[in-house]
Amino acid sequence: MKKICIVAGARPNFVKVAPLIRAIEKADDATYELVYTGRKDDPTLEPSLFNDLQMPKPTVFFGVDSTSLNEITSRVMAHFDAYLNNFPADVVIVVDDLASTMAAAIVTKKRGIKLAHLVAGTRSFNINMPKEVNRLVIDALSDYLFTAGIRSNSVAAREQSDGNNTYMVGNILMDSLRFNHQRLVKPALDVEPGSYLVFTVNRKALLADEEKLKKMLVAISEAAGDTPIIAPLRGKAHEVVSSLHLSPSTLYLTDSLPYLEFGWLTAHAKGVITDSGNVAEEATFNGVPCITLNSYTEHQETVSVGTNVLVGEDPQQLEDEVTRMVKGEWKKSALPDRWDGRTAERIVQILLG
């Protein structure tokens with residue numbers, strides 16, 4: 001019986017972990033433990049999240065809560081090392097590119113345990129980004145690199161001395177979207193399918209530059225015209241956008257939505273404007289036009305094959321693209337290879353093979 005430890009470090013990780021747990025539970029020769037590096041009362045983990053995702057809550061919470069990346073790294077390393085003393089594992093699966101992800105990866109390899117990286121090979125090629133350092137370290141240490149697309153697969157294989165441990169399994173977010181497609185819930189908002197835009201922002205650098213953010217929001221509002229823009233934001237993002245006092249505007253700021261309600265909102269939108277890679281990937285799956293407020297994307301397939309367009313932080317380019325979005329003048333798109341909802345199955349087959 002293979003013992004698998006899954007480490008999650010932030011709310012978005014659970015959307016990727018849920019299908020993996022379902023696939024492991026179907027296997028006869030594997031068991032798992034789900035560890036969360038954050039707090040049990042983490043405000044980003046809404047009470048409905050685990051029920052919406054149809055998954056169990058973590059069995060262990062480390063309670064690490066800090067804004068210092070170095071402190072997060074050291075504390076997670078200490079907690080995870082102690083955890084493995086009591087709950088040894090054959091394989092540890094880490095998700096994405098957080099400081100907590102890197103910390104768990106380092107401890108895993110120091111103990112000689114097999115390490116699997118879910119969503120490997122993503123790069124911005126900007127070494128000044130903390131997450132880029134995390135990605136490089138985690139991928140270099142991993143025994144299994146599970147990539148979402150051709151570009152990521154090429155990067156991971158090129159950087160590894162042994163290309164045999166790189167596997168293009170597809171985008172596991174699509175597993176969750178397919179599983180929950182019939183379970184989406186219309187939020188209590190006065191919106192009709194195809195009649196509105198969705199706006200989200202979360203990137204710290206963009207939220208810190210309020211003048212730039214305001215120019216971008218003004219550009220979106222002017223281009224949208226009478227089309228309402230629904231902005232379900234949480235925490236710091238809600239606070240910053242609210243403080244900008246945009247008026248007059250068709251921007252409607254709301255509280256963050258539960259997973260199934262947010263999924264309905266984005267799936268039925270006329271278009272999505274975001275700085276989130278996950279939201280852009282979901283838009284490609286749903287065939288919804290998407291504008292990303294960044295100059296790069298971890299998953300180039302959303303641009304080359306999917307519905308996504310990159311505008312950086314240029315208000316004029318943003319206004320031009322929103323104008324096209326509202327007019328319905330968007331490019332044709334398709335689903336990237338292996339974004340078929342069977343990623344978790346492939347991963348479990350490889351780990352148990």
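This report describes selected local features of a predicted model.

## Basis of the report

Because the model is predicted, local features need pLDDT of at least 70 and side-chain atom pairs count only at pLDDT 80 or more, while totals for chains, interfaces and linings use all residues. Residues are numbered from 1 along each chain as its sequence is written, and side-chain values use heavy atoms, with hydrogens and water left out.

## Helix α7

Helices here are DSSP runs of H or I with at least four residues, strands are runs of E with at least two, and both are numbered from the N terminus. Buried means under 20% relative accessible area, exposed means over 50%, and partly exposed lies in between, using a 1.4 Å probe and protein chains only. The buried residues of α7 are Leu-173, Met-174, Asp-175, Ser-176, Leu-177 and Asn-180.

Which elements cover these buried residues? Among them are α1 (11–26), α2 (49–52), α11 (259–267), α12 (277–286) and α15 (343–352).

Gly-170 is found in the loop that runs between β7 (166–168) and α7. Its relative accessibility is 5%, so Gly-170 counts as buried.

Gly-170 and Arg-338 are 168 residues apart along the chain, yet their C-alpha atoms are separated by 4.6 Å. Contact means heavy atoms within 4.5 Å. When neighbours within four places in sequence are left aside, Gly-170 is in contact with Thr-147, Ala-148, Arg-338 and Thr-343.

## Two loop residues with positive phi

Gln-54 lies in the loop between α2 and β3 (60–61). The phi angle of Gln-54 is near 55°, a positive value in a residue other than glycine. With 40% relative accessibility, Gln-54 counts as partly exposed.

Asp-96 belongs to the loop between β4 (91–95) and α4 (99–110). Its phi angle is near 65°, again positive in a residue other than glycine. Is Asp-96 buried or exposed? At 13% relative accessibility, Asp-96 counts as buried.

## A nonpolar surface patch

Ile-127, Val-133 and Leu-136 make a nonpolar surface patch of about 220 Å². Leu-136 lies in helix α5, which covers residues 130–141. This leucine, Leu-136, is partly exposed, with a relative accessible area of 31%.

Patch residues have over 30% relative accessible area and no salt bridge; like charges are joined within 9 Å, and nonpolar side chains (Val, Leu, Ile, Met, Phe, Trp, Tyr) within 5 Å. A salt bridge is a side-chain nitrogen of Lys or Arg within 4 Å of a carboxyl oxygen of Asp or Glu. Accessible areas come from the Shrake-Rupley method with a 1.4 Å probe, and for residues only the protein chains shown count as cover.
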